[in-house]
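Thanks for coming, everyone. I have one chain to show you today, and I'll begin with a single residue before turning to the whole.

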Amino acid sequence: GLTAADAAGWQRVWSVGDYEPDPVTAATYGGGALASFDGYLYWGTMHVPGLAAAAHARVYGSSTNQDTQLAAALGTHRAISVFRGSGFGESNSPPAIELLYGEARLPKYSPSDGGWVLAPNGMAARPLYGHSGLGNPFNNYCWTLDVFQNKLYLGTMDFSYVIFDQIPLFLSPFEDLQLRLYLRSNHINPENFFGADLFRFSSGDAPAQAVSRQGLGNPSTYGVRTMVSTPESLYLGMANPMNLLEEGGWELLKLTPRSP
């Protein structure tokens, strides 16, 4: 494996700190999958739900005030961002890095300003195709990327099923009712988010298109854990921790595109 002696042979070409304006939140980012496609290197991010909020409480101190706790939970929440780059290894110029899915402005904790403010991302870039999570705020892990039949497939982990199952445990009956009424009045149906998402880039000039937004037929499946392609089919190993449900447990699926 790599040791400290190998460090001089590597050059850093990108860091989450180049994008994320909040340094404590940046320290909690994880790296997602990477894949080469159509002349670019694509990659995404990973975020453990609640980890950034816990880190902020450790750095800045915790609070018993519910409004402050809610502000920290919302201010630190990040859905996946997706990037791509080209020109790596060229000595005459730095690589060109693009933000495909993310936010032009992100919450940043500023003690001097008395709390949370919106700050431009460190790249000063607007997302080329859309918001974080590819439009789903519960996509917290760009878990898999693979090229199949000249198209790039992206599989996510979506924690919406887990969080909405757990929320009632932390709320009073009145608070739970208020949340449900709020969601209903704003025409938000949490079940529409349940299940891992699978997207497909048809080329380097097009945004991702959704293949499935609900676990490929099983909303309790929260992740596309692995992908393996053959010339004819794309095999998907699905992550599902809901073992006691009738539809629970991991699945192995085969995706075969329909003939035109």
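**Ser220 and its chain**

Start at Ser220, in the loop between strand E10 (209-212) and strand E11 (223-229). Strands here are DSSP runs of E with at least two residues, helices are runs of H or I with at least four, and both are numbered from the N terminus. A word on the source: this is a predicted model, local features need pLDDT of at least 70, side-chain atom pairs count only at pLDDT 80 or more, and totals for chains, interfaces and linings use all residues. Residues are numbered from 1 along each chain as its sequence is written, and side-chain values use heavy atoms, leaving out hydrogens and water.

Is Ser220 buried or exposed? Buried, with a relative accessible area of 1%. The cut-off for buried is under 20% relative accessible area, with a 1.4 Å probe and protein chains only.

What does Ser220 touch? Beyond neighbours within four places in sequence, its contacts include Tyr161, Pro241 and Glu247. Contact means heavy atoms within 4.5 Å. Asn240 is another of those contacts. The side chains of Ser220 and Asn240 make a polar contact of 2.9 Å. That term covers a pair of N or O atoms within 3.5 Å, one able to donate a hydrogen and the other to accept it; residues adjacent in sequence count only if both atoms are side-chain atoms.

Now the whole chain. It has five helices and 13 strands. Buried residues are 39% of the 260. Take contacts between residues at least 6 apart in sequence: 58% join residues at least 24 apart. Along the principal axes, the C-alpha atoms fill a box of roughly 55 × 50 × 35 Å.

How values were computed:
Buried < 20%, exposed > 50% of the residue type's maximum accessible area, 1.4 Å probe, protein only.
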